[in-house]
Amino acid sequence: MITTTGLTKVYRSRDRETVALDGVDLHVREGEVYGVVGRSGAGKSTLIRCVNLLERPTSGTVEVAGRDLTALAGRSDRAGSALRTARTGIGMVFQHFNLLSSRTVRDNVELPLEILGVSGRERRRKALELLDLVGLADKARAYPAQLSGGQKQRVGIARSLAGDPKVLLSDEATSALDPETTRSILQLLRDLNQQLGLTILLITHEMDVVKAICDSAALMKGGRIVESGKVTDLLATPGSELAHELFPVGGEPSGEGRTVVDLTFHGEAATEPVISQLSRTYNIDISVLGAALETIGGRQVGRMRIELPGAFEDNVVPIGFLREKGLQVDVAPVAGDELVKEGAK
Ligand SMILES: Nc1ncnc2c1ncn2[C@@H]1O[C@H](COP(=O)(O)OP(=O)(O)OP(=O)(O)O)[C@@H](O)[C@H]1O
């Protein structure tokens, strides 16, 4: 649904150049919620602004719903109007809502329809329908100043849907909201994704947002995507930084001469009493150093850090047993040692 190929953006000022995007290849499938995470300055906002051509990429292409937007981005009037039309298929939600304070809620939602030249009656009908969809039918006559942050964002979301977009871009939509309001806005986005089949590309610096609603995610660093994929697949990827950030498992070994193993459980394996089987089969004491269990996309996924007595060489057979049980096994590095990875199942 959204594909960027070799997307590059270089900001040039008199005395310096900033490479904000450095060859980004992004692929968002139709109907999915896709989260791009990364630290401040990683290039997330630039990426999202380039996807709807609010920012002109230095090179590379952007395709949305089968249309190459970069090809429409010429300077002629015709190219400009083709781009404006294509943009109506892309809704945008902002961190600070960007509502006009002098307009009522309904008039804010009507604004994009006014720009499209939709008649007054039809605008009103559509705005009221959208306000109903986001749970704000009773606030049509209110002004933004009379609303809470969460309600303002609902208006922003209703406005973004005015042109019946297939794609919604969200730039830190929940970053200005408290945790409970964040949850309700994320739920609304998920509902819209499912009810309308809306494809959502969101950028965030919060891993909890990815956990809550994203089917897929990408990690950006220094203008590049360094990791991407379905969230459940990332969790099955040994050494995945995103998986580690999503499911942090802590826990220090209790002493020297121990083997610390990080386990990732998927599906059936999550419910099997694997640890007690391991303990009984090999007659070893196992300490659980840390654990986290979550449900992602309806599947149970968990991570657990355990400690086995003895060095890695003494534990090759028990580690093999864990892998046979369908668990992903990462052997944590011993201080001073190279990283030992026992990833592949
Ligand atoms: N208009 C601009 N002119 C010059 N440099 C810019 C401009 N916009 C962004 N940059 C630079 O591009 C890089 C990427 O910025 P961007 O805002 O895309 O990152 P981000 O990941 O969204 O960070 P944040 O979460 O802080 O917004 C940064 O080094 C930033 O300083």
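**Notes on the predicted model**

1. I begin with a pair of helices: the crossing of α10 and α11 is right-handed. The model is a predicted one, and the axes of helix α10 (residues 274–282) and helix α11 (residues 316–324) come within 11 Å of each other, crossing at roughly 145°.

2. As for the side chains at this crossing, α10 brings V274, L278, T281 and Y282 to the contact, while α11 brings P318, F321 and L322. Sorted by class, the residues of this contact of α10 with α11 comprise 6 nonpolar and 1 polar, with no charged residue among them.

3. On the division of the chain, the domain assignment gives domain 1 as 2–235 and domain 2 as 248–331. The C-alpha centres of domain 1 and domain 2 are 40 Å apart, and the contact between them involves 5 residues of domain 1 and 6 residues of domain 2.

4. Which helix gives the most to the side of domain 1 that touches domain 2? That is helix α8 (residues 231–235), which supplies 3 residues. By class, this side of domain 1 has 2 nonpolar, 1 polar and 2 charged residues.

5. Turning to the ligand, the residues around it are Y11, T18, A20, G38, S40, G41, A42, G43, K44, S45, T46 and H205. When the residues of this shell are divided by class, 8 are polar, 3 are nonpolar and 1 is charged.

6. With residues up to four places away in sequence left out, A127 touches R106, V109 and E110. A further relation across the chain is that of A127 to D107: these two residues are 20 residues apart along the chain, and their C-alpha atoms are separated by 8.0 Å.

Definitions and conventions: Residues numbered from 1 in each chain as written. Predicted model: local features only at pLDDT ≥ 70, side-chain atom pairs only at ≥ 80, totals over all residues. Near = placed C-beta within 6 Å. Nonpolar A, V, L, I, M, F, W, Y, C, P; charged D, E, K, R; others polar. Domains from an automatic or database assignment. Contact = placed C-beta atoms within 7 Å. Helix = DSSP H or I, 4+ residues; strand = E, 2+ residues; numbered from the N terminus. Axes fitted to C-alpha atoms, helices over the stretch in contact; angles between N-to-C directions. Left-handed = near helix turned anticlockwise from the far one by under 90°.
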